[in-house]
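Here's a quick tour of one model, with a look at helix packing and charged side chains. Have the coordinates open while you read.

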Amino acid sequence: NAYKYINKFDETIKTFKRLVEINPNFPGGHINLGAALQDAGCFEKAIPHLKKFGRASKARVLECLYSLKKFEEYKNYQLELARNDPANIRASTISVFVSSQTDLINLNNFCKKPFNYVSIKNIKNENFNNVSAWQNLLKDIKEVDEFWEPSGKVTRNAYKTHDNIFDYQQKNIQKLKEIILNQINIFKKTHLKNSDDFIKLWPKSFQLYGWHVRYKKLGHQTLHVHPDGWLSGVFYIKIPKERKKNEGAIKFSLHGFNYPIFSKEKKIPSKYYLPKSGDLVLFPSSLFHGTVPCESEEERQVVAFDLRPN
């Protein structure tokens with residue numbers, strides 16, 4: 001994994017091949033070997049390993065087949081995954097992208113139009129309607145241990161908490177949890193009539209898993225999805241006052257993971273939103289999202305979270 005983070009694919013592949021030889025039934029060996037082969041562009045060799053174990057790995061098979069332009073195999077495997085694992089987040093992500101770039105119909109019914117589910121609401125005045133309440137929230141969050149994120153990760157130039165922040169019992173953290181769960185409930189009710197599996201298969205049992213991120217100058221997140229989530233979100237606590245154009249904006253897109261683009265004629269749908277302090281943004285975990293770096297010396301502070309099925 002260390003080799004992988006510094007893009008030494010030959011060493012990565014060699015190491016995981018040896019692991020698979022030692023223990024052919026170890027899921028982690030095949031999952032990591034398949035991912036390393038895919039990242040190195042060895043799509044044909046990656047597929048047998050990716051098919052063996054893991055939901056996200058099986059979704060990677062779709063990515064490999066698309067990269068190889070094996071569209072008939074792609075279509076058949078997409079249908080197989082849609083039947084056997086309709087809530088596969090990463091499979092939904094690649095399915096939506098491919099249907100936007102080709103004539104292939106999206107056979108995955110999890111979340112066909114993810115932009116339609118992006119919800120933005122400012123909750124500061126409703127729930128933190130005085131300065132002391134806002135300061136108390138920041139004070140409680142400051143008590144949670146944070147760590148500098150190493151290079152190679154999604155989060156860059158930032159400190160991040162690594163445990164579920166909502167497991168901490170500080171009064172204002174629990175109040176924020178209650179507020180978010182209430183807004184998620186409103187979100188679900190708003191979309192109850194929709195036919196996507198994102199709504200129809202909404203988990204009856206789930207956990208709200210959150211983490212605090214404190215961005216320094218040029219801090220940002222690269223485009224990514226949350227395969228373990230269902231609904232994702234971010235609550236904006238502190239935003240720099242001085243910003244140029246889209247600095248600090250959250251970006252949503254259908255493209256990521258270095259998906260190849262075969263048609264220059266078709267535009268890739270994307271949206272930007274420049275957040276304000278107190279904004280709560282909700283969106284499907286299958287939708288690519290990231291942030292635009294900010295030149296300001298002022299910190300940006302957010303609490304990001306996933307609703308994760310149990």
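## A lysine in a strand

In which strand is the place of Lys160? Lys160 sits in β3, a strand covering residues 155-160. (Helices, H or I of at least four residues, and strands, E of at least two, are DSSP runs numbered from the N terminus.) Before going further, the ground rules: this is a predicted model, where local features need pLDDT of at least 70, side-chain atom pairs count only at pLDDT 80 or more, and totals for chains, interfaces and linings use all residues. Residues are numbered from 1 along each chain as its sequence is written, and side-chain values use heavy atoms, with hydrogens and water left out.

Lys160 is buried but has no salt bridge. Its nearest side chain of opposite charge is Glu149, 4.1 Å away. Here, buried means under 20% relative accessible area, exposed over 50%, and partly exposed in between, using a 1.4 Å probe and protein chains only. A salt bridge needs a side-chain nitrogen of Lys or Arg within 4 Å of a carboxyl oxygen of Asp or Glu. For charge, Lys and Arg count as positive and Asp and Glu as negative, while His and the chain ends are not counted. Setting aside neighbours within four places in sequence, Lys160 is in contact (heavy atoms within 4.5 Å) with Glu146, Phe147, Glu149, Thr155, Trp211, His212 and Val213.

## Salt bridges elsewhere

Side chains of opposite charge can pair when their charged atoms come close. Searching the whole structure turns up 14 salt bridges. One of them joins the side chains of Asp39 and Arg60, at 3.8 Å from N to O. This pair links distant parts of the chain, with Asp39 in helix α3 (residues 27-39) and Arg60 in helix α5 (residues 55-67), 21 residues apart. Asp39 is partly exposed at 39% relative accessible area, whereas Arg60 is buried at 15%.

Arg214 and Glu146 make another salt bridge, at 2.3 Å from N to O. Arg214 belongs to strand β4 (residues 206-221) and Glu146 to the loop between α9 and β2 (147-148), putting the two 68 residues apart. Arg214 is buried, with 17% relative accessible area, and Glu146 is partly exposed at 28%.

The side chains of Glu299 and Lys216 also meet, at 2.9 Å from N to O. Glu299 is in the loop between β9 (288-291) and β10 (300-309) and Lys216 is in strand β4, so this pair ties together parts that are 83 residues apart in sequence. Through salt bridges that share partners, Glu146, Arg214, Lys216 and Glu299 join into one network. Within it, Glu299 is buried at 16% relative accessible area, and Lys216 is partly exposed at 32%.

## Where two helices cross

How do the axes of α9 (residues 131-142) and α10 (residues 171-190) run? They come within 7 Å and cross at roughly 105°, which makes α9 roughly perpendicular to α10. The axes are lines fitted to C-alpha atoms, for helices over the stretch in contact, and angles run from 0 to 180 degrees between N-to-C directions; 65 to 115 degrees counts as roughly perpendicular. On the α9 side, Ala133, Asn136, Leu137, Asp140 and Ile141 meet Lys171, Asn172, Ile173 and Leu176 of α10.

Ile173, in helix α10, is buried, with a relative accessible area of 2%. Among the residues Ile173 touches, leaving out those up to four places away in sequence, are Val144, Ile165, Phe166 and Tyr168.

Conventions
Angles under 35 degrees count as roughly parallel, over 145 as roughly antiparallel, 65 to 115 as roughly perpendicular and the rest as oblique.
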